[in-house]
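Morning, everyone. Please bring the model up on your screens. I'll go through it piece by piece.

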Amino acid sequence: MNPFALIGRFTILFLSEIGRLAEFAADALPSIITPPIYLRLTGEQLMRIGFYSLPVVGLTAFFTGGALALQIFIGGDRYGAESFVPQIVVLGITRELGPVMAGLMVAGRVSAAIAAELGTMRVTEQIDALVTLSTNPFKYLVAPRIVAAVISMPLLVAVADVIGVFGGWVVGTQSLGFNSSVYLKNTADFVTNSDVISGLWKAAAFGFIIALMGCYHGYHSRGGAQGVGGATTNAVVSAAILILATNYVMTSLLFSR
Amino acid sequence: MATPKIELKGVTKRFGPKVVLDGIDLGVQPGESLVIIGGSGTGKSVTLKCILGLIHPERGSIKVDGQEVTRLSASAREKVNRKFGMLFQGSALFDSLPVWENVAFALIQGHGVGRDQAKKIALQKLAKVGLTKDVGELSPSELSGGMQKRVGLARAIAADPEIIFFDEPTTGLDPIMADVINELIVKTVKDMGVTTLSITHDMVSARKIADKIAMLYKGKIIWAGRKEDIDKSGNEFVDQFIHGRAEGPIKMEIAR
């Protein structure tokens, strides 16, 4: 096959996908603020997206914080900087690892679940049925999920921040020989509001990405079981990549001097 | 002649290079039951979805009660869709909701009826299609195919629509259950005095529920008339289809 044709076809496919996604987001956003607003469904989604993600996010944060403490201690040892463990742990967790790790874990859990659910509703014509029952699927299905994810993610990341620092503290005090109160004091003295808040802004953006990718791929899935499977994979992969890319952009904007 | 309940003129729809609807002209009079027959992939479902606004045709006009509906805003579309009820091929019940809430869905969401009142109406509609109160509490996945069809019918008629669409109402059912559903459709339609538009490839069902039959082939209506006349249509495509013969002018696209 002609390699130029291949490049051209790939480019067109990529651009049309971006166009479809933009169109989807443009339909989704107004549906969040215009009535009818389904509060009960949003509450249900808050439970499913936020509350039930707590164990996964907590465990991830705990081990990440622990491993981070260990690495900083070992790496810092070369420069005699091993005493900076608490400061670097809290900075690393609140600014980067808390939101990114929580974002990736929730993307795996929630984007997949949303894509599978909406995808199945699409291929079994349940989404068409909504329309014939005079119910806008964007308001009934998409808006509650996006709102719930955007609210849940900052809360989850706040929890992840605390547990991540706790993980570092456990490793620091139990195996690296830090004094508990010194560790905590160093952490508290060093961290600033803006470190935490920047992470929470990221979290809200990641929540939007997670729900949007799940809804978009589910909503446009077709072709039975295989189609739904493909939609689920695409939702998780695209959410994860977009989270990492957005994280970089937001870091460079939030921390530029 | 009264304004047709549904009127299609020159409706054209293509997916990529494939022309699915090639200028459809169709009219359904108030209180009439029209059945569109045709093989798989001839554009029957697409026709229905164009009328419902799920798919937008490239060209042509679709009128409901004389109102052009092809280029409506979302909210105007919702208003038009309130006149409609639809029974889907796979029933398309919401598996996250119990049966009664499926039936009551349009009442609660679309018409703002309170949940208690809506449940009462839903149970009445379920009784109409021969299902008892206890079924209302079950989840759709616990029902057999025939029962799901009945629930789908109850949901389609719950908000007292003026027009009901039936998408392959008997597909996937055994012949006896198919006949039960056909009888139910005829009885319900007669009781309510509604207009219906159905698509099917089941001739038994078509003969039972139709006043008029139209045959779709390669994106065009090739024959339309009263169901009594279908056996003497003089159209060899129609003859081949209603007698289910492999030999004839309609060639199946099968690789050999």
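What share of the 256 residues of chain B count as buried? The figure is 40%. A residue is buried if 20 or more other C-beta atoms, placed from the backbone, lie within 10 Å of its own.

Some ground rules. This is a predicted model, where local features need pLDDT of at least 70, side-chain atom pairs count only at pLDDT 80 or more, and totals for chains, interfaces and linings use all residues. Residues are numbered from 1 along each chain as its sequence is written, while chains are lettered from A and ligands numbered from 1 in the order in which they are written.

Now the overall form of chain B. The C-alpha trace of chain B spans about 55 × 40 × 40 Å along its principal axes. Its radius of gyration, taken over C-alpha atoms, is 19 Å. A compact globule with 256 residues would have one near 18 Å, so the two agree. That rule is 2.2 Å times the number of residues to the power 0.38. Chain B has 8 helices and 10 strands. These are DSSP runs: helices are H or I with at least four residues, strands are E with at least two, numbered from the N terminus.

Next, domains. Their bounds come from an automatic or database domain assignment. In chain B, domain 1 covers 1–83 + 163–251 and domain 2 covers 87–160. The centres of these two domains of chain B are 24 Å apart, over C-alpha atoms.

How many residues of domain 1 of chain B are in contact with domain 2 of chain B? There are 14, facing 12 residues of domain 2. Contact here means C-beta atoms, placed from the backbone, within 7 Å. On the domain 1 side, strand S7 (163–167) and helix H6 (175–192) of chain B each give two or more residues. H6(B) has the largest share, with 5 residues. That side divides into 8 nonpolar, 3 polar and 3 charged residues. Nonpolar means Ala, Val, Leu, Ile, Met, Phe, Trp, Tyr, Cys and Pro; charged means Asp, Glu, Lys and Arg; the others, Gly among them, are polar.

Last, the meeting of the chains. Here 11 residues of chain A are in contact with 16 residues of chain B. The chain A side divides into 3 nonpolar, 6 polar and 2 charged residues.

Of the contacts in chain B with a separation of 6 or more, 63% join residues 24 or more positions apart. Thanks, that's me done.

Conventions: Contact = placed C-beta atoms within 7 Å. Buried ≥ 20, exposed ≤ 12 C-beta atoms within 10 Å, placed from the backbone.
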